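Keep the structure open while reading.

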Amino acid sequence: MHAPVLDTDSKIDAAIDALNPTMALMALIQITGDRTLLNHYWNAIDGRQEELIETFVDIHAHEERPTIDPAVATEIRDRLRAAVKAEKPAVMPQIDMPMFRRMSRLLLGNDLPEMSVDVAFQHAGFTTDTRVRKAKDVPPADFKVLVVGAGMMGINAAIKLQQAGFDFTVLEALDKVGGNWLTNTYPGAAVDTPSRIYSFSFEPNASWTQFYPRGPEFLSYLDRVTDKYNLRDRIQFGTWVEGAEWDEARKIWTVKAVRNGKAETYECNVLIMAVGPNNNPNYSKVKNLDSFKGPVIHSAAWDHSVDLTGKKVVLVGTGCSGVQVATAIADNVGELIIVQRQPEHIIPNPQAHAPVGELERWAMEYIPFVAQWKRLQSLHSQMRDMHGMIMKDEEYAAKTGGFGPINDGMRMMCEGYLKSHFPDNPEMVELLTPNFPVFAKRPILDCGFYDTLKKPNVSIVRGELAEADESAVILADGTRIECDVLLLSTGYNLHFGRQFDIRGTGGKTLKDAFDPHPFSYEGMLITGFPNFVFMGAPYSYLVANHAVVSEQQVHYIVELLQWMVDDHLSSFDVSQQATQAFIDDVDTKLAKTAWVQCGSAHGYYRDKGAHGQKKVILAIPRHNSRIWHDLRSPREEDFNVTRKDGDAPVAQRDMETLTI
C-alpha cells in the first residue's frame, strides 16, 4: 500500500510534529522576531538537546540527557505551526552575532569556541556577505580575470567575482560543469562528506534525497547553482588550457588553449587556476598489462559499455572509490576478487545509503531557517577543538604508547566495528586491521564494504599487482588470479599544475619551480608567478571539505583583487621570505602529525619527487577555524607590488558638510 498523499496543512503538521523542539524554537524565533522566546524557554530546554553527533567525534559514550517536558515541546511546536501557516514574511531573517551565540548555545548544548563563532555563522549560511575590505572603487572595464575550471571551486569563484563586479571568463575543458563529479561515474560513486555541508553556504540545498548523495545528485545541484547565477554565458566549454605566460612588461597573462580543436589565445590581468589536484587516473606500473585480453577499467574513467554481469572480476584498490565500487557491483558479478595492498581504517557510517526522510526534507524546504540550523548541527564537530586527532600528543603518547586521545578513540572505534562484523573470523580481522594511526591514510566511511566481503562470491587478498598475461593478473608474490575483467581503483595523479606549461617571471615554468616538490603560500599563491592564484594548491587540504575550503579561498581572492583595484596595483607577487616562513611553519607542524608519522601507510598524501623522495604537501596542520581567520585579508607586507607609472591609490573621499 502507498502512504496517503497529504495536503499542505497536513504536511506542515506532520513535519513540525517530527521536528526536534529545540530546532522548532530556532525557526520560531526568526519567523516571529520574538527574541523573548529564547529566555522564556531556556531553562526548559538547556541541557536537553537531542544533539547530532558527527562521525569523527562520536567515539565515546555520551551521558544520558534529561528530555524536554512534552508539554513544553507541544507548546513550541504549536506556536511554530501557527507562525508557518500564517505565511507572513519572517520578521528576523537576519540575526545579529549576540543572538547567534545564544541560539547556537541552546541548539548545540555548549558554546562554540571563540575562534569558530564567525566561521560557523558564515558556513551555516547565516550571512552571504563576508567582505572585509570596504571597496573604494569598482573594477575598471579593462580589468580581466580568467578562471580555469568549472568544478566546485570554479563555480564558487565565478559567483563571487560576479557579485564583486569583476569581468571574468571561465574556461572549462569538458562540456558541462562539475569537474571530477562529471568524470567520476563509476558504480557507487558518492560524496563522502555529509550533503548538508558539501554545498555552498550561500546556496544551501534543502532537498538532498540522501545524507551522502550520489554523484548525479551533486551534479544536478551544481547545474542549478550555475543557472541561478546566470553563469553559463560566462563559461567557455570544450576549452582545454595548455599553458600560460606572464608578460612582465604589460603585467598580464597570455593563456593558450584549444577550443573545439582550434587554437585560441586569451589575455587577463589575473589568472585563477581552479582545476584541483585530482587530475587524471593513476595507473599502476604493471608488466605486460597490454597482453591482458579482457577489459581494463579505471574507476576514474569508467567504461559503461562493459557488462560485468556474471563475470569474474579482479578489483585492485580498497580506498574510498574501491570500497564504493566493490559494494556496488558485488551482487552483479559472478565472482569478485579484491586485491588490497594494505588495510584501511573504516568508520561506521549508518547513513551511507540512508535516504533523508520525506518529513525532514519537507521541513528543510518549507519551514524557514530549519536548513541553516541543521547545517550548523552538521558543522558542529568541525568547529570544536580536535586535540590529539591529527597532531601527536607527545605527553599522552609517553603515558599510553598511543598517538592522541581522539585518534586512538577513533582507532578503537574502527577496530570494534571491524570485529563486530567478523566475530568468528580472526584471520579476516587481522587481514583488515591497519598498523598505523587513523588519518595516516584517508579513513573511509563504510558504505557496506564489510558486509560485501561476507558475500559468497567475494574474496579479498593482500598483495600488489605486478604483472598480467592474457587471462590473469599476477601479484608481486607470484599469486596468479584468472579473471575476465580488471578494475583499477588506484587513485589519481596529483599534478598540482605541473601538467600545464605555465611560465612566470623570467620564463620559469611552474614545473621547474615545483622541483623537488610543489609548494604554496597560504594554499594559493606561488612566488615568481605574479597575479596568479592556484586554488587548492599544496597545503590546503584534509582539514575541511572542498566546499568550505573553496569558499575561504574565494573570499581571500576577492579581497586580494579589490586591493589591486583600490590601490591601482598592476601586479602582486608574494615575497620569497613570506612564502618560506609559511612553508617552514607548516612543515614543522606537519612533522608532528599522523600524515607524516604514518608508520607503514602509503598513499596520495605524499608527493613523490623526481629522485624518489616523498613529502607531505597536501595537508595543512591547522584547525580550519584558524585558516578562516588567516584568510580574511591579505597581509600586504607579505607582497611585492607594482603600479602603473604615475598611478596612486584611490584618494580618501572627503565629506563636505551640506547646507540648506
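For 660 residues, a compact globule would have a radius of gyration near 26 Å; the chain has 27 Å, so the two agree. The model is a predicted one. The C-alpha trace spans about 95 × 75 × 55 Å along its principal axes. The secondary structure consists of 20 helices and 25 strands.

Of its 660 residues, 55% count as buried. When contacts between residues at least 6 apart in sequence are considered, 73% of them join residues at least 24 apart.

Helix H11 covers residues 358–366 and helix H12 residues 370–383; the two pack at an angle of about 115 degrees, and their axes are 6 Å apart. On the H11 side, Glu360, Ala363 and Met364 take part, and they meet Val370, Ala371 and Lys374 of H12. Sorted by class, this contact has 4 nonpolar and 2 charged residues, with no polar ones.

The last stop is threonine 193, which lies in the loop between helix H8 (180–183) and helix H9 (215–228). Is threonine 193 buried or exposed? Its relative accessibility is 13%, and because buried means under 20%, threonine 193 counts as buried. Leaving out residues up to four places away in sequence, threonine 193 touches Tyr198, Phe211, Tyr212 and Asn545.

Methods. Residues numbered from 1 in each chain as written. Predicted model: local features only at pLDDT ≥ 70, side-chain atom pairs only at ≥ 80, totals over all residues. Heavy atoms only, no water. Helix = DSSP H or I, 4+ residues; strand = E, 2+ residues; numbered from the N terminus. Buried < 20%, exposed > 50% of the residue type's maximum accessible area, 1.4 Å probe, protein only. Contact = heavy atoms within 4.5 Å. Axes fitted to C-alpha atoms, helices over the stretch in contact; angles between N-to-C directions. Nonpolar A, V, L, I, M, F, W, Y, C, P; charged D, E, K, R; others polar. Rg over C-alpha atoms; globule rule 2.2 N^0.38 Å.
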